Amino acid sequence: QVQLVESGGGLVQPGGSLRLSCAASTDIDSISSMGWYRQAPGKQRELVASITNRDITRYVTSVKGRFIISRDNAKNTVYLQMNNLKPEDTAVYYCNTQHGPLGSPSDAWGQGTQVTVSF
């Protein structure tokens, strides 16, 4: 199975920016779709953004205009550029592959990377 390693999280003030990276162990062009997910304390994990191998992107309403998902096939890496961060963006962020017509993620979640937006 594909191994995914998230990085780039940290502590930032509201309005700040971070770029998360998801390094894959295989050619991401062979993966139909990749997604960034997040899970805040006491809340269910939610899909934040996704990108297909045809460069189709989608975002949850709360991050539209602020987050940008992209990929670099040469580096086998998917990125999530997060701008104008808000406290409600605080969560552990995970990347995962998406499968099937519903884009279901793999059950094998990694460690994720913590994003904390606070003064």
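Reply: Let's start with G35, which stands opposite N96 in strand β9. That pairing belongs to β4 (residues 33-39), and β4 runs antiparallel to β9 (residues 91-99) over 7 bridges. Strands here are DSSP runs of E, at least two residues long, numbered from the N terminus, while helices are runs of H or I with at least four. Two strands pair if DSSP finds at least two bridges between them.

A quick word on the model: it is predicted, so local features need pLDDT of at least 70 and side-chain atom pairs count only at pLDDT 80 or more, while totals for chains, interfaces and linings use all residues. Residues are numbered from 1 along each chain as its sequence is written, and side-chain values use heavy atoms, with hydrogens and water left out.

Back to β4, which also pairs with β5 (residues 46-52), again in the antiparallel sense, over 6 bridges. There, M34 stands opposite I51 in β5. The hairpin of β4 and β5 has 6 residues between the strands, and in it G42 takes a positive phi near 75°.

How covered is β4? Mostly: 6 of its 7 residues are buried. Buried means under 20% relative accessible area, exposed means over 50%, and partly exposed is in between (1.4 Å probe, protein chains only).

Now zoom in on S33, which lies in β4. S33 counts as buried because its relative accessibility is 10%. Not counting residues up to four places away in sequence, S33 touches S50, I51, T52, N96, T97 and Q98, where contact means heavy atoms within 4.5 Å. Its side chain makes a polar contact with the side chain of Q98 at 2.6 Å, and also reaches the backbone oxygen of I51 at 3.4 Å. A polar contact is a pair of N or O atoms within 3.5 Å; within protein, one must be able to donate a hydrogen and the other to accept it, and residues adjacent in sequence count only if both atoms are side-chain atoms. The C-alpha atoms of S33 and G103 are separated by 7.5 Å, though the two residues are 70 apart along the chain.
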